[in-house]
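Here are my notes for a colleague opening this structure for the first time. Please read them with the model on screen.

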Amino acid sequence: MLTGVVGAGLTSLEVLRRLDAGPRGLVEDEATRRLQRYGENAVLPRRPAAWAWRLLGTLRDPFTAVLLGLGVVSAFATSWSTACVIAVLVAVSCVLRSAGEYRADRSVAALRDLVATTATVQRRADEESAPLVREIPVEELVPGDVVRLGPGDMVPADVRLLRADGLTVHQAALTGESAPVAKRVPDTPVELARPLFDQPHLCFAGSSVTAGTATAVVTATGADTHFASAHRGPTGRRRGAFDRSVNGISWTLIRFMTLTAPLVLLANTVLRGRGLETLPFAVAVAVGLTPEMLPVIVTTALARGAAQLARRVGVIVKRLPALHDMGAVDVLCVDKTGTLTQDQLTVDCYLDTDGHTDPAVLHWAAVNSLWTIQLADVPAPDALDEAILAAAKAAGGPAADRDDLLCRTPPPPARPERALSAVHEPAAARATLMDVGGVDVIPFDPARRVVTAVVQRPGRPAVHTLVVKGAVEDVLDRCAIDEETRARVLRLAGRHAARGLRLLAVALADRPARARPYTPADERGLTLLGIVGLRDELTATAADALAALARRGVAVKVLTGDHPGTAARVCAELGLTPGEIVTGDRIDALDDARLAQLADTTTVFARCTPAHKARVVRALRRGGHAVGFLGDGVNDVAAMHAADVALCPHAAVDVTREAADVVLAEKDLTAIDSAVAAGRHSTGNIATYLRIAVSSNVGNVISMLAAGVLLPFLPMLPAQVLAQNLCFDISQLAFAYDRPDAASVRRPSVLRPYAFSRYITVFGLVNAAADLATFAVLGVFTRGQTAFHSGWFTENLITQALVMLLLRTARGPLPGALRWATGALAAVGLLLPLSPLGAALGLAALPMAYYGCLVMVLVAYGLALAACRKFGWPVG
Ligand SMILES: Nc1ncnc2c1ncn2[C@@H]1O[C@H](COP(=O)(O)OP(=O)(O)OP(=O)(O)O)[C@@H](O)[C@H]1O
């Protein structure tokens, strides 16, 4: 295998020779041998991680780190029982979490293979056979393979270009450079002094093709690529809504917890004159405050949601937190072509600049399409080009068939004088128009919105004809026309766009023939021929999907590169109210703050480049929205990276699938609604756990502090604090299986730290009030520490079971898991003090009268909770 550095200085031929390969591609048998020798072309092994690694991975969680820290403090204070219980807590949490992650990985792994990335490779059956171009899984690529690259492809390995046309690649994953860079096969020897990633003829795994095409030979695969050496782990990702809410709250709690132990210690020292002997108790209280099951609940709730989505509606969640982000999304940006529409085009009309049907317009559009496909070695022809070639064939025209192109005679154009005289075509040459030969191509680029094929017409060896097609405004900008014609053509385009057609303008220019390659700078002074209108049917499920999202409070915005008129019509047909349409040039004129305001109220953005789409998404996020982006093309990737969560339909190009967090494996767009509902469902369960665990724990801390001051002894022994905490934690795992009611999945689910703090303060205080009432009862009915500890232990577990029942967000029937969990928790509270284990923990049976009063405290507590719920306050 060649390293990029060695390969950089060699000629193409030398590289091929060193790789023992040829421009026609490897023979299949040899490729199989190489696959065995070099291994799979994967940066990270596809094998599931070993159990030990999974367990170690779960230790990275901040709550676990805090618990371990507290365990170490206990060990130093030689409080071995506290240290042991903490170790058990950490072990239970890690084992449960890694088991959840393992199940989650397994359930989506099979479906993920369905959306695996492929590479277009050129191989031969044997030495004598002609090369065959076919798609193979990227993992099967080997050094020496000849691959084809086109827009939207991931560069599948480190490659050396053999041929390239207008190739630009995005290599931010390697260099951090956000702008695409041009790559080409240099005419002169390469300059070795240049940094490796700047070498024009080398492309690297981890980058993606933004425009143009290329044929290249693979120089390194898998772990030998530069990407692999730079990223020995998963690549970093943007911070989504998940990080902003759950993680934000986690860190607030961790700060709070780290203050708890010193506070308890201080209160006991200052007010009761106790010394360091209270350290284990202080540590236990801090541990009691920790919602240590949060990582387990998060993994279980999200993994369950993801597995159900995959099974029921074929939605693949590639990154678990993305499911939470789906639930938080309140704005979904969608591109139009290939998402809301099928991208299966048919030509509707071909018109000259006066709006009359003109086959010459279709003919030249077909010449452009044909040579774009042929010269650029596009792995998969654009749907637009295929539609134009099909229409030309159906019209019986000269561009009917790629193979026919060079030999058939065109029909006489309806208005030949216009189209052909426009390029000063001698009448005699018209009949042989199709004998054109392709010379060069400047591929389509969503930022330029035009594509140029350079052809040579028969009998005119000294002349090259540039055939340009693309978005109407962009082609007009390159034409030598007066203002009046321009305005007339724009009006014509507007009328047809309003019918929902996709429009292309076609223009020509003659240039003296030359050997030098053509560049975008040559696309000027063109002669306009006319426009082609194409019809693109709506995706069958698009209207239903948009209506369902609107019902869930998700605002849908369309961000398209297409004509404003076309976008408006499509949106109206889908039941969206387009309102004022904002175009790319208007976006350019606005600063970020003004764009954020405008983006809030705009539904359709048209004539957007990839950069415009990304700016709008960033502006919306800055305006406080959680933004999803659903796109299928290379022009959507930047916006997908900018969004909280990126989605793509099943037929998206490789680079889009790679950028997506959520892939819709089926054709049905209404699956997005199911994904949003599943996200809200999972988040609802996580939020319920957090609210209940933390408010109950806060209540306990307040009571512990109060009791520490009021009582001559510790209100609970450290081991008792930890034991009740362990029971409460385990029972709360049932929240991962709760079923939220319909109302709670109707709005975007976001955990707002302020509302959350209010919630835990109020319910924490109600909980503490119940505890203080219990202390009073205990003061009346019991004597001594053991009875006090036992009474409070029982009350604590039963109130926690009550809180779980009364404060869960869902109001529907209790799922079995919750019924069992709360029942078991209350039973432990009542029975443990009577058992030998209770005795070991320092607990004992209580007088019967206590239980009667406890019932009264519990009834009062339950009524207080129910009253708070009934008046809808506080809602976290
Ligand atoms: N293969 C092509 N040849 C010539 N012009 C094209 C081609 N593909 C697209 N265009 C023109 O460029 C414009 C922008 O294309 P782009 O691919 O950025 O967006 P889109 O496909 O129109 O819409 P969306 O952003 O919704 O996917 C199109 O509206 C069309 O006029």
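1. Start with a term. Two strands are said to pair if DSSP finds at least two bridges between them. On that basis, strand β10 (residues 331–334) pairs with β17: 4 bridges join them, and the two run parallel. Within this pair, Leu332 stands opposite Val556 of β17.

2. Now the overall picture. The model is predicted. The protein chain has 876 residues, and 53% of them count as buried. It holds 32 helices and 22 strands. Take the contacts in the chain with a separation of 6 or more: residues 24 or more positions apart account for 76% of them.

3. Stay with β17 for a moment. The strand covers residues 555–559 and is mostly covered, with 4 of its 5 residues buried. Besides β10, β17 pairs with strand β19 (residues 604–606). That pairing is also in the parallel sense, over 2 bridges. Val558 has Val604 of β19 as its bridge partner.

4. Next, an open sheet. How many strands form it, and in what order? There are 6 strands, running β11-β16-β15-β14-β13-β12, with antiparallel pairing. β11 (341–352) and β12 (437–442) are the edge strands, each pairing on one side only. From one strand to the next, the twist averages 25°.

5. β11 and strand β16 (residues 527–538) run antiparallel and are joined by 8 bridges. Tyr350 has Val532 in β16 as its bridge partner.

6. A helix lies across this sheet. Helix α14 (residues 359–376) lies across β11, β12, β13 (450–456), β14 (463–470), β15 (502–512) and β16. α14 runs at about 90° to β13.

7. Two residues deserve a check of their backbone. Most residues other than glycine have a negative phi. Asp343, in strand β11, has a positive phi near 60°. Arg449, in the loop between β12 and β13, has a positive phi of about 65°. Are these residues buried or exposed? Asp343 has 21 C-beta neighbours inside 10 Å, so it counts as buried; the cut-off is 20 or more. Arg449 counts as buried because it has 21 such neighbours inside 10 Å.

8. Turn to a helix crossing. Helix α12 (residues 321–328) and helix α26 (residues 671–710) have axes that come within 7 Å and cross at roughly 105°. The two helices are therefore roughly perpendicular to each other, since angles of 65 to 115 degrees count that way. On the α12 side, the contact is made by Leu323, His324, Asp325, Met326, Gly327 and Ala328. On the α26 side, the residues include Ala675, Val676, Gly679 and Arg680. By class, this contact has 6 nonpolar, 5 polar and 2 charged residues.

Terms used: Residues numbered from 1 in each chain as written. Predicted model: local features only at pLDDT ≥ 70, side-chain atom pairs only at ≥ 80, totals over all residues. Buried ≥ 20, exposed ≤ 12 C-beta atoms within 10 Å, placed from the backbone. Contact = placed C-beta atoms within 7 Å. Axes fitted to C-alpha atoms, helices over the stretch in contact; angles between N-to-C directions. Parallel < 35°, antiparallel > 145°, perpendicular 65-115°, else oblique. Nonpolar A, V, L, I, M, F, W, Y, C, P; charged D, E, K, R; others polar.
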